[in-house]
Amino acid sequence: MSKKLVEFLNNHLSDLHILYTKIHNYHWNVEGSSFFTLHPALEGEYNKIAEQLDKIAERVLQLGERPLASLEDYLKHAKIKEAKSEGIKSEALVKSVLEDYEYIAKSLREGLKLAEEARDKVSEDMFTGMLAGYEKTIWMLKAYSK
């Protein structure tokens, strides 16, 4: 078991918790002509993130450590920043989500390297699957923004 890998997993867990809350916030607060498109799409996104939260936390436990589990810890360890509860138009929303997803994809690539170094094929596989999902959504967000 690699301490660096567990640290990465807990930091990633923190980022995902903040992202989950942010996407939920945007789901509630999206305004404008794209409401009917983005509102359900965001629900799908935060549901995917919820599944990832569970997988990451369980992987930390499988590696013999404890996952972070407090809002205080998430805010301390996350690189993703919260968003205020206020109306948000589609252009700003998509830009924000795209930036966060690109960060998550970059972070997952770093996690893949750590998993490879630790010879942890299970974490590698988990990160690869998550990365594929983020890369697809990044592509879709970029296409939506054109």
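The model is predicted, so local features need pLDDT of at least 70 and side-chain atom pairs count only at pLDDT 80 or more, while totals for chains, interfaces and linings use all residues. Residues are numbered from 1 along each chain as its sequence is written, and side-chain values use heavy atoms, with hydrogens and water left out.

Most residues other than glycine have a negative phi. Arg-119 is not a glycine, yet its phi is positive, about 55 degrees. With a relative accessibility of 75%, Arg-119 counts as exposed (over 50% relative accessible area, with a 1.4 Å probe and protein chains only).

Helix α4 covers residues 90-117 and helix α5 residues 121-145; they pack at an angle of about 155 degrees, with their axes 9 Å apart. Here helices are DSSP runs (H or I, at least four residues), numbered from the N terminus, and axes are lines fitted to C-alpha atoms over the stretch in contact, with angles from 0 to 180 degrees between N-to-C directions. The pair α4 and α5 is therefore roughly antiparallel (an angle over 145 degrees). The contact of α4 with α5 involves 16 nonpolar, six polar and six charged residues. In this scheme Ala, Val, Leu, Ile, Met, Phe, Trp, Tyr, Cys and Pro are nonpolar, Asp, Glu, Lys and Arg are charged, and the others, Gly among them, are polar.

Next, the pockets. Rolling a probe the size of a water molecule over the atoms shows where empty space is left. On a 1 Å grid over the protein atoms alone, a pocket is an open set of points where a 1.4 Å probe fits, with protein on both sides within 12 Å along at least five of seven lines; lining residues have an atom within 4 Å of a point.

The largest pocket holds about 260 Å³ of space. Among its 16 lining residues, Leu-38, Ala-41, Glu-45, Thr-137 and Leu-141 lie nearest its centre. Helices α2 (35-62), α4 and α5 each supply at least two residues of this lining, and α2 gives the most, seven. By class, the lining has 11 nonpolar, three polar and two charged residues.

The second largest pocket holds about 210 Å³. Its lining has 14 residues, with Lys-48, Gln-52, Gly-129, Met-130 and Gly-133 nearest the centre. For this second pocket, the largest share of the lining, seven residues, comes from α5.

Definitions and conventions. Parallel < 35°, antiparallel > 145°, perpendicular 65-115°, else oblique. Points joined across faces, edges and corners; volume = space filled by probe spheres on them. Buried < 20%, exposed > 50% of the residue type's maximum accessible area, 1.4 Å probe, protein only.
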